[in-house]
Amino acid sequence: MGKTIAEKIFASHLRDEPFEGTKVLAIDRVLCHEITTPVAIADLESRGKDRVFDNTKIKAVIDHVTPSKDSKTALQAKMLRDWARRHDLKDFFDVGHNGVCHALFPEKGFIHPGFTVIMGDSHTCTHGAFGAFAAGVGTTDLEVGILKGVCAFREPATIRVNLNGQLSAGVYAKDVILFVIGQLGVNGATDRVIEFAGSVVEQMSMEARMTLCNMAIEAGGTSGICMPDRVTVDYLWPFIQDQYATPEEAVADFAKWQSDADAIYAQVLDFDVSALEPQVTFDYKPDCVKSVAELAGTAVDQVYIGTCTNGRIEDLRVAAAILKGRKIAPTVRGIVSPATPKIFSAALDEGIIQIFMEAGFCVTNPTCGACLGMSNGVLSAGEVCASTSNRNFNGRMGKGGMVHLMSPATAAATAITGVITDARSL
Amino acid sequence: MQKIFKGATIFLDRSDINTDEIIPAKYLTEVTKEALQPYMLEDLKLEGFDPNGEELANARVVVSRQNFGCGSSREHAPWVFEVNGVHTIIAESYARIFRQNMFNGGMLAIELPAGDIDKLFGLGKLGRVVVDVDLDAQTIAATVGGNITNFSFAISEFDKALVEAGGWVEFADERY
């Protein structure tokens with residue numbers, strides 16, 4: 001009987017099965033940020049177990065509120081910083097070098113096909129784009145991960161989502177994943193891995209695949225996952241070139257992780273996305289999705305471009321191409337947060353930052369900030385934000401505020417007109 | 001040490017109650033569980049529900065519908081329940097991370113079929129419901145106005161072991 005990629009990763013990492021159906025896996029990457037890690041650190045200290053299982057496999061970043069905005073966030077940053085230094089973590093990213101975790105860690109080449117990855121952050125599913133099993137966990141799972149390098153899961157069944165056809169111009173990975181979540185519902189993939197396959201995924205860049213996998217959790221999924229292929233190898237090549245003589249050799253090696261043709265799935269969904277239109281959310285759940293045309297004309301107060309979903313260089317390029325030579329509406333506040341220093345730097349080199357600034361955007365440092373209403377663009381009650389982020393819960397970006405999720409192209413077009421706008425109509 | 005799984009019950013009649021509603025992100029700057037105590041369910045908008053009301057303050061058990069605890073992985077959501085003495089959630093289904101976080105902290109996230117959940121909500125309309133969970137027997141006794149209604153539930157061996165050990169740190173530290 002064939003296996004899915006997730007089943008292969010589970011089999012290769014199984015450390016223990018204390019009870020039938022409970023798989024304790026060895027973890028390759030324990031990722032940490034300053035919001036969910038400090039309580040784990042404090043708890044380990046209080047237990048007299050302030051240790052780390054491997055200072056090369058644990059990576060840490062300050063990203064949610066950075067630079068710190070007040071005494072409380074300064075304390076969180078300090079707790080993470082002191083701990084990283086105390087244990088000599090080989091990869092710790094502080095002010096000047098830090099960025100949104102799910103953009104930064106892949107960019108550093110930390111995630112490889114076949115890896116197991118956990119982080120105290122629900123959007124950890126992003127890293128499945130590399131053919132890894134990557135799951136968001138709570139602080140207790142993170143704590144045990146830090147101490148022991150293991151994490152327990154029920155082996156999740158897999159939903160295969162085949163994305164066939166060819167995306168039309170002006171339609172992006174964000175539109176695809178919003179559509180898929182609309183189809184699955186917010187709990188349609190609970191306790192499931194979502195495996196994204198098909199010609200559309202094969203043609204996607206790693207950035208686009210990360211956008212897809214990033215929102216698997218919004219359908220309840222444990223991890224998103226894509227098959228490792230030549231695109232994966234090309235992205236990772238600077239980091240793996242010592243291990244393989246040629247990229248072809250790496251492609252051949254990574255193929256061992258690919259799901260078998262006779263693998264068993266809980267569900268297989270086939271979508272031809274050739275006719276898909278740009279998508280946008282309404283209401284307060286990420287499965288409340290319509291085409292942009294249906295919501296066109298809805299006024300917004302703020303446009304936010306960035307985050308672990310859509311703050312990568314490709315996203316900024318798409319938005320800048322629409323903003324070039326234009327001004328945003330006087331009724332709109334535009335905020336762009338390049339997700340990492342490398343992306344910020346590339347955007348500077350390419351003239352993208354200039355375009356954003358001339359259009360009237362505020363450019364912030366890399367941070368999660370506004371996405372979860374912690375800093376850098378919190379909404380007031382009654383305000384509406386067009387956002388490239390991943391969550392539109394009531395009050396998510398500030399109490400009483402409303403969020404419409406959309407692609408960077410739609411967000412840029414919406415910034416120009418001040419109302420939800422299909423970028424293809426400009 | 002095993003936690004206490006009984007007490008007055010509050011009914012939250014909606015599916016997909018998310019962790020932003022249970023504990024808004026602005027409080028994630030706290031570094032102790034205790035500091036979260038005043039903010040339980042602060043952003044939940046539900047007819048007849050008052051986050052500052054006595055019913056919530058007295059509650060030790062929460063009953064809700066599908067996909068409870070969806071969204072963010074923040075363990076602050078189970079913690080805000082824990083520090084308010086709410087150690088038992090009963091719902092039709094959960095988001096994976098929230099459910100795991102509950103058991104990892106030695107608390108109960110019990111799943112009941114839709115029919116039983118409906119029955120519980122029905123009891124809630126009769127008056128103040130007190131729930132008492134017997135973990136060994138895997139039964140729930142719901143008392144309202146002197147009448148007791150019993151429910152049975154399933155729990156995996158692993159989840160039960162976590163509750164008995166007091167949580168995942170205790171379990172894992174012993175074993176790995």
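In the predicted model, the buried residues of helix α6 of chain B pack against elements of both chains: β2 (22-26) and β8 (150-154) of chain A, together with α4 (96-104), β4 (108-111) and α7 (168-175) of chain B. Helix α6(B) covers residues 157-165, and its buried residues are B:F158, B:D159, B:L162 and B:V163. Viewed down the axis of α6(B), these buried residues lie within an arc of 140°, and they therefore line one face of the helix. An α-helix has 3.6 residues a turn, so residues three or four places apart point the same way. After α6(B) comes B:G166, which has a positive phi, near 95°.

Read from the N terminus, the elements of chain B follow the order β-α-α-β-α-β-α-β-α-β-β-β-α-α. Contacts in chain B were also examined by separation in sequence. Among those between residues at least 6 apart, 66% join residues at least 24 apart.

The overall dimensions of chain B were then considered. Along the principal axes, its C-alpha atoms fill a box of roughly 45 × 35 × 25 Å. A compact globule of 176 residues would have a radius of gyration near 16 Å, and the 15 Å found for chain B agrees with this. Of the 176 residues of chain B, 49% count as buried, and the four residues B:F158, B:D159, B:L162 and B:V163 of α6(B) are buried.

Methods
Residues are numbered from 1 along each chain as its sequence is written. Chains are lettered from A and ligands numbered from 1 in the order in which they are written. This is a predicted model: local features need pLDDT of at least 70, side-chain atom pairs count only at pLDDT 80 or more; totals for chains, interfaces and linings use all residues. A residue is buried if 20 or more other C-beta atoms lie within 10 Å of its own, exposed if 12 or fewer, and partly exposed in between; C-beta atoms are placed from the backbone. Helices (H or I, at least four residues) and strands (E, at least two) are DSSP runs, numbered from the N terminus. The arc is that of the directions from the helix axis to the C-beta atoms. Two residues are in contact if their C-beta atoms, placed from the backbone, lie within 7 Å. The radius of gyration is taken over C-alpha atoms; the globule rule is 2.2 Å times the number of residues to the power 0.38.
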